[in-house]
Structure formats: structure tokens, C-alpha cells
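Thanks for coming. Please look at the structure first.

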Amino acid sequence: MLEGISTNRLCDSSASCLVTAGKAFVIRYYSRTTQQPEKQLRPKEAAELARAGLLLAVVYQDRARLTGDFNLARGQLDGASAFSSAGQIGQPAGSAIYFAVDVDFSATQIKKFVLPYFRGVRAALDAASGGVSHYKLGVYGSGMTCRLLKQAGLVEFTWLAEATGWAESRTYTAWDIKQFVTSQDLCSIGNGWQRCTAKPAFGQFQPAGFDIQAGEGELMQVSATQLNLRFVPTADANTPLATLPHGTLLRVLGISAPGWVRVRVVLNGAAFIGHVKASFLAAVPGLPPAPVQIPRIPAVHWKEENRSAGRQSTSGLASPIGEAGRPARNPDVDAALRRQQLAAIGDWLDVEHSARYARRDGLTFCNVYTADYCYLAAAYLPRVWWTSATIAKIAAGQAVAPAYGETVREMRADDLYRWLLDFGTMFGWRRVADATALQNAANGGGIGIICADRATEGRAGHITVVVPEQAGKTAQRDAAGNVDQPLQSQAGAVNKRFGSAGRNWWLGAEFIDHVFFVHD
């Protein structure tokens with residue numbers, strides 16, 4: 001038998017202590033609705049536990065104590081959510097996800113509510129896996145619950161709950177994991193744990209690539225014309241994290257599912273971890289090519305200090321805002337003061353009432369507003385940029401002066417999308433992989449940018465700025481504390497000091513791709 005624990009406490013910092021205490025495994029949670037940030041297992045914690053030599057198992061639980069928590073539709077929802085969490089963690093195929101039935105139901109209740117729920121879970125896992133679930137299914141519950149689910153052929157593994165007074169719990173012996181009432185403190189997790197005993201095979205795992213650090217792992221390249229980097233190892237109902245062009249180099253962390261591998265790839269300085277189809281990767285012949293050295297291109301503005309480029313003027317839109325008395329951010333002061341300065345910039349620009357950014361003649365001005373915000377914040381985001389022919393001259397060493405319509409042109413949101421990818425790093429912008437990094441940058445006194453490229457040629461994209469949180473105005477976070485919707489400010493169809501074009505607007509069908517960038 002193996003000795004381990006189950007806990008809803010974050011315990012990566014306790015990993016070594018748990019090993020010293022003789023624990024072989026840790027059981028943690030997946031959840032969609034929990035209000036306990038520590039309950040949800042996250043990738044870093046999973047990797048740290050595995051690096052210490054511990055095995056992992058997971059149980060999915062969203063309350064799971066009332067009959068209303070169990071039905072076919074709820075099972076499908078929870079199964080899909082569990083699959084998504086497993087993909088984040090890098091949980092390998094063939095391991096198990098347990099689902100909790102944390103209540104002493106009668107046989108009638110189990111048959112009426114719980115069995116349909118598990119049918120829904122299995123259907124969702126099968127669908128997400130493209131036919132047959134990548135993961136085995138387990139149940140946590142009473143002896144009767146474990147017995148009836150196993151007899152129905154709906155689970156491969158059973159975990160007997162610690163409540164010995166529940167139906168058949170004193171007599172059920174076919175468990176794979178058994179939980180015990182525990183009260184003493186352990187390591188730094190206090191008494192928030194339960195002792196568990198498990199048989200040698202109970203669906204345990206270690207995340208794919210947990211022991212591979214940055215710069216390690218087999219180096220491969222994309223052999224297809226382009227390849228979608230996926231959040232989880234499936235192409236079904238799964239918006240890509242990014243699209244990798246032919247020849248993109250990446251590090252393979254391990255097999256995540258049949259035909260899929262978990263990989264780490266760096267795009268414009270941002271590290272992404274996700275899943276790709278293994279058949280679209282090829283070995284790298286010889287040494288990878290040296291990165292192309294892009295010649296240094298200078299920043300350019302059109303008519304700085306243009307007094308006609310003011311908040312209540314509709315002229316001078318090609319110029320950065322030049323109104324007297326404008327606030328600014330000093331990048332060299334501490335984070336708290338930078339946040340105050342950014343708040344003052346947003347308040348002063350007053351996007352909801354300034355004529356400069358107001359929608360008119362069918363046009364919107366997200367690009368103008370975002371460029372003005374960045375200009376006052378001392379982060380270069382161009383309102384005008386050099387033409388391609390002019391860049392070639394600059395690269396050849398020629399001196400070129402800005403001339404509107406000749407050497408420089410105005411930048412729309414879709415132009416800024418491309419500029420951030422091609423030139424952003426020259427001017428202190430760095431790409432990040434998620435919304436949490438955007439909000440962290442803004443809360444640290446920096447700037448976050450969300451920019452999406454319109455799918456229809458000739459139609460402008462959209463760009464918003466991520467702003468610091470303040471009293472009464474905060475980002476939306478999931479149960480684990482990760483930012484789901486950063487706090488944004490925008491001009492557009494509707495101008496908002498705090499707000500955007502909608503939840504996950506950058507994933508809209510009208511956009512072909514999007515990027516997250518920050519400037520510290």
C-alpha cells in the first residue's frame with residue numbers, strides 16, 4: 001500500500017516535507033466554481049510536487065452535496081471542465097480523474113441522480129478526447145456509491161470517503177483509495193488534510209514534462225504550413241493559444257495524449273506551454289538557424305506638441321496628444337506612484353467625454369486613445385510609423401525625415417498588431433501568454449495591451465489598454481485567483497474609462513488572431 005494525503009490546501013512549498021514524512025502521493029482538486037483560491041491545482045504546484053518525487057491524483061468537485069448537483073447535463077459540464085484543467089496541468093493520458101459524491105445518498109438517489117451524472121461526465125471526456133476518453137474515471141464517495149458506480153461500469157477506480165457512517169462504508173473493501181479522519185498538523189498545511197491509503201495503481205500521475213526546465217527538452221520544429229498551439233490536447237471546441245508558422249522551434253516536454261505532445265515555445269519573448277499534434281513536428285537538422293538581426297529603427301512622431309491635438313478637438317489625430325497641462329508617468333519612480341500616475345492619465349484623457357475619441361462618421365478611435373495613453377505613460381506605441389520603403393532606407397543607413405503620406409503613415413489597430421510582433425521588442429514591449437501577466441504589469445505601474453487583427457482585409461482590428469486596479473474597479477478572476485478578464489479602458493463603438501468590447505472580445509469570430517503585450 002502507498003501512503004499519501006488529500007488536501008484542498010496549496011502544498012507545493014510542503015513538497016519536500018511531505019516526502020520526509022513518508023508520503024508517496026498527494027490528491028488535489030479540479031473545480032470550476034470554488035471560491036477557495038488554494039483548492040484548484042495549478043501547473044506550478046503540480047510540477048513542484050512531482051519534482052519532489054510525489055505522485056499526484058485529482059478529484060473534481062463543485063459542491064457535489066445536493067441532488068441538484070447531479071444530472072446528465074451537469075455531468076457533461078463538469079467533465080468538460082475537468083478535461084480543460086487536466087490539459088493545463090499536463091496530466092497524461094491513461095491517468096484518472098475522480099469525481100466527488102460528497103454526500104450519503106440512498107441507493108434510489110444514486111441511481112436517479114448520480115448514475116446519469118457520471119454518464120454525462122464520461123460522454124464529455126469521450127467527446128473532448130475525440131472518441132474515447134484520454135482519462136480513466138474514478139468516484140469519491142460512500143461504500144454504496146463506489147459499489148453501484150463500479151457495478152454500472154461507469155468508473156474504473158473508487159475512493160472510499162472518510163465518513164464511516166455512510167451507507168456500506170464500513171463493509172466496502174474493493175476501494176482503490178481509502179480516506180481516514182485526520183486532525184493533527186502536517187508540514188505547513190496544518191490540519192487541512194486527510195490521510196489516504198492507496199493500492200499500487202489508482203490512476204496516479206506526474207505531469208508531462210514536469211522535470212524539464214526552460215531550454216531543455218527535445219528541440220523540434222513545425223513541419224506544417226502552420227500549427228495551432230492548443231490549450232488542451234484536442235482540436236474540438238478549443239481556441240488555439242497561438243498559431244505557429246512553419247519552421248517554428250519548440251521544446252517537447254512529453255506525450256500528453258495519443259497523437260499529442262506538450263510543448264514549450266517562445267514567441268516574441270513570451271513563453272507558451274500548450275499541446276500540438278505530434279505528426280506536424282519534425283527533427284531539427286543540424287544547428288537551428290541564427291535569429292535574424294532586425295536593424296534598429298528609430299521611433300517617429302508626427303508633430304509633437306501639436307496644440308490642436310487636444311481632448312476636445314477632432315483634428316490633429318495623427319499627432320500624439322499635445323494639449324498643455326497633460327499628465328505623465330515617470331518610469332523611474334516606485335510602483336505605487338506609477339499606478340497613481342497611470343490613474344491620473346486615464347482620468348485626464350476622459351475617454352467617455354473627449355471629442356477626440358468619440359465615434360463619428362462610422363469611425364472609431366481605439367488606436368488613437370491607446371497611443372495617447374501610452375505616449376503619456378512614456379511607452380512608445382506609434383500613431384504614425386515608417387513606410388516599408390522608408391524602413392529599407394533607414395536599414396541601409398540613410399537619414400530620413402518624417403513626411404506625412406510619404407515616409408510615415410497612420411497606424412490602425414490591425415497595423416499595431418503587426419507592429420507589436422515585428423518591432424515591439426525594440427521599444428520595450430514584451431509579449432505575455434495570459435491575462436494575469438497583463439494585469440500584473442498594469443498593477444505594477446506598467447502598461448498592458450490587448451490587440452486583435454481583423455479577419456476581413458481592410459477592416460480595422462481593435463486595441464484596448466489594461467489599466468491598474470483600484471477601489472471598486474477590478475479585474476475578474478477565476479477560483480484560483482488567475483485573471484480571466486483584465487481591467488481595460490477603450491475607445492470604440494462605446495468609449496469606456498473602465499470596460500471593453502465584451503468578455504473575451506479578442507476571441508470573437510471577426511478577429512483572425514490577437515496578442516497580449518506589456519511594457520514595464
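Let me begin with a contact: A107, I110, K111, V114, L115 and F118 of helix α4 meet M144, T145, L148 and L149 of helix α5, where contact means heavy atoms within 4.5 Å. By class, that contact has eight nonpolar, one polar and one charged residues. Here Ala, Val, Leu, Ile, Met, Phe, Trp, Tyr, Cys and Pro count as nonpolar, Asp, Glu, Lys and Arg as charged, and the others, Gly among them, as polar.

Before going on, the terms of the model. It is predicted, with local features needing pLDDT of at least 70 and side-chain atom pairs counting only at pLDDT 80 or more, while totals for chains, interfaces and linings use all residues. Residues are numbered from 1 along each chain as its sequence is written, and side-chain values use heavy atoms, with hydrogens and water left out. Helices (H or I, at least four residues) and strands (E, at least two) are DSSP runs, numbered from the N terminus.

Back to the pair. α4 covers residues 107-128 and α5 residues 143-151; their axes come within 10 Å and cross at roughly 55°. Axes are lines fitted to C-alpha atoms, for helices over the stretch in contact, and angles run from 0 to 180 degrees between N-to-C directions. α4 and α5 are therefore oblique to each other: under 35 degrees counts as roughly parallel, over 145 as roughly antiparallel, 65 to 115 as roughly perpendicular, and the rest as oblique. The crossing of α4 past α5 is right-handed, that is, the near helix is turned clockwise from the far one by less than a right angle.

What about α6 and α7? Helix α6 (residues 335-349) packs on helix α7 (residues 366-376) at an angle of about 140°, with the axes 10 Å apart. That makes this pair oblique, and α6 passes α7 in a right-handed crossing. L342, I345, G346, W348 and L349 from α6 meet Y369, D372, Y373 and L376 from α7. The classes in that contact are seven nonpolar, one polar and one charged.

Next, α10, residues 435-443. How many of its nine residues are buried? Seven are, so the helix is mostly covered, buried being under 20% relative accessible area, exposed over 50%, and partly exposed in between, with a 1.4 Å probe and protein chains only. The buried ones are A435, T436, L438, Q439, A441, A442 and N443. They pack against α6 and several strands, including β19 (447-454) and β24 (511-519).

Now the two loop residues. T34 sits in the loop between β2 (25-30) and α2 (43-51). With 8% relative accessibility, T34 counts as buried. Leaving out residues up to four places away in sequence, T34 touches K39, D62 and A479. T387 lies in the loop between β16 (384-386) and α8 (388-395), and is buried at 16% relative accessible area. With that same exclusion of residues up to four places away, T387 touches E406, T407 and V408.

Last, the whole chain. It has 10 helices and 24 strands, and 52% of its 520 residues count as buried. Its C-alpha atoms fill a box of roughly 85 × 55 × 45 Å along the principal axes. Of the contacts between residues at least 6 apart in sequence, 66% join residues at least 24 apart.
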